[in-house]
Amino acid sequence: MKIRAEHAELSGTIQVPGSKSHTIRALLLAAMSDGTCNITNPLISADCLSTAAALPLIGAQIDLQETSDFPVKTWTVKGAGKNIHLPYDVVNVGDSGSLLYFLSPIAATFDGWSVFTGDESIRTRPVHHVVDALNQLGAEATTAIPGSKNCPLIIRGPISSEKKLITDGNISSQYISGMMMAASRLNGTLEIELKNPKETPYLTMTQKWLDKVGISSEISGDFHHIKVTGPKDISAFNATIPSDWEGVAFPLIATLITDSQILIEHVDSSGTQGDDEIVNILKKLGADIEWNKTAETLLVRGLKKSSDKIGRLSTEHLENGELHVNLSGLPDAICALAVAACFTEGTVYIEDIAGCRRKETDRIKVMVSELTKIGAELEEGEDYLIVRGHSPVTKEGRPNPAFKLRGAVVESYGDHRVAMSLACLGLGLPSGEFITVKDAECCSVSFPDFYKTMNRLNAGFVELNSSDSINL
């Protein structure tokens, strides 16, 4: 599917779907529980549906409560409790790295073999760090293809808490979260030492979920040391999934680069998602954003609709006239932030992002490739991205002659965040210019109906089929 995007002015109110990160954690802990759990406002996306499909493999039951019209917003999980068992079949995680890295350590707590694989994208993502971690704890783990660092992943458990796990932690935080959940099944306290912890807000999120279900855990202030004590029987629980800040980023930047005003409702103000930091980052550039944490709303105004009627994003008031952003804690924000930087007067340094090369795509390389097509000026390094951008308007609010972004046909590479960020970029182009995003349907991984949701704000996204007819 191709999506065409052009100049637009957004208005109205929307709600972003539930958090993928919270949904998958809730489902796995519910599967481990003893009793019936109700998960309200789950993210109904490809990754979460892959997780739902995996739960029966370990003895849990799930009712998605689907109707012929639309899925009900509550999923019911009957946990396996003491009857939880080794996956009785190969676990196909689809495109979900979270499911792969979370469930494989849990499977390793059982005596016996388990096999994990996924789609083409998953089979390019590294698992050697998981192999090493599991082997340290007494498992027999390897990849199916000799010399490969990728899935299929083969594991023979059980692991034990008798040894301390020492691992870098810089490739991903997800397998550490998996180890923390798995530790609830082990006898004693599992100690984890991270030499170079990254994506640390997600570790805090996991700890809060462990707290919710009564599992004792400790994380040091510098995130280098983690302790989780088991065994712990998990009682049934109910949970409401908060909105997804990774999804909030896209209507947020789309508004700021256009003459728009929108209200995003039911914004998660709990502080459990590190990606909410994007608000502070954009405010440093002068973004007009009002976050009412009591009402859980985000009021966003862009360009002519902003409070000063100009809405110019700029680095000019920052030290040395530059913005330096460390994204190690929120690496999924790279795509949205890179697009916003293209519409910012000045230079934005996006740093400590080596992990972005190991996502669904090499997001540093991909964003440089595709943004260059539309006339942006970027520079990449192994763990950084530099964007030298221009605002569409001058300080006085007049058209900026230095702003020269243009339309193009761009590739998503099957990466949901790339697709959504490039589609949003098209909304800020001058009238008459178009962005066409190829393989744009991949957004269903984290934001189902993204284009229809944005069209309720007058985005005007048009779906094209092979003969370029309009379907949306």
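Reader: Okay, helix H4 first. Which strands does H4 lie across?
Author: This is a predicted model, and in it helix H4, residues 128-136, lies across S8 and S9. H4 runs at about 165° to S8.

Reader: And what sheet are S8 and S9 part of?
Author: An open sheet of four strands, in the order S6-S7-S9-S8. The pairing there is mixed.

Reader: Which strands stand at the edges of that one?
Author: Strand S6 (91-92) and strand S8 (140-143). Each has a single partner strand, so one side of each has no neighbour in the sheet.

Reader: What about S7 and S9, how many bridges join them?
Author: Five bridges, and the two strands run antiparallel. S7 covers residues 112-117 and S9 covers residues 153-157. If you want a spot to look at, Ser 114 stands opposite Ile 155 in S9.

Reader: Which residues lie nearest the centre of the largest cavity?
Author: Lys 20, Ser 98, Gln 174, Asp 332 and Lys 359, out of 21 lining residues. The elements giving two or more residues to that lining are helix H1 (20-32), helix H3 (97-107), helix H5 (174-182) and helix H11 (416-427).

Reader: Now pockets. What volume does the largest pocket have?
Author: About 310 Å³. There are 18 residues in its lining, and His 7, Asp 259, Leu 303, Pro 392 and Val 393 lie nearest the centre. The lining of the largest pocket has nine nonpolar, five polar and four charged residues.

Reader: Back to sheets. What's the strand order in the one with S2?
Author: S2-S15-S17-S16, another open sheet of four strands with mixed pairing. Strand S2 (11-15) and strand S16 (288-292) are at the edges with a single partner strand each, so one side of each is left without a neighbour in the sheet. Neighbouring strands of this sheet are turned by 15° against each other on average, direction ignored.

Reader: How do S16 and S17 run?
Author: Antiparallel, with five bridges joining S16 to S17, which covers residues 297-301. Glu 290 stands opposite Leu 299 in S17.

Reader: Which helix lies across S2, S15, S16 and S17?
Author: Helix H7, residues 245-256. H7 runs at about 25° to S17.

Reader: Last bit, the whole chain. How many helices and strands?
Author: Twelve helices and 24 strands. The C-alpha atoms fill a box of roughly 70 × 50 × 45 Å along the principal axes.

Reader: And what radius of gyration does the chain have, next to a compact globule?
Author: The chain has 22 Å. A compact globule with 472 residues would have a radius of gyration near 23 Å, so the two agree.

Conventions:
Residues numbered from 1 in each chain as written. Predicted model: local features only at pLDDT ≥ 70, side-chain atom pairs only at ≥ 80, totals over all residues. Heavy atoms only, no water. 1 Å grid on protein atoms, 1.4 Å probe; cavity = no way out; pocket = protein on both sides within 12 Å on 5 of 7 lines; lining within 4 Å. Points joined across faces, edges and corners; volume = space filled by probe spheres on them. Nonpolar A, V, L, I, M, F, W, Y, C, P; charged D, E, K, R; others polar. Pairing = 2+ DSSP bridges. Axes fitted to C-alpha atoms, helices over the stretch in contact; angles between N-to-C directions. Contact = heavy atoms within 4.5 Å. Rg over C-alpha atoms; globule rule 2.2 N^0.38 Å.
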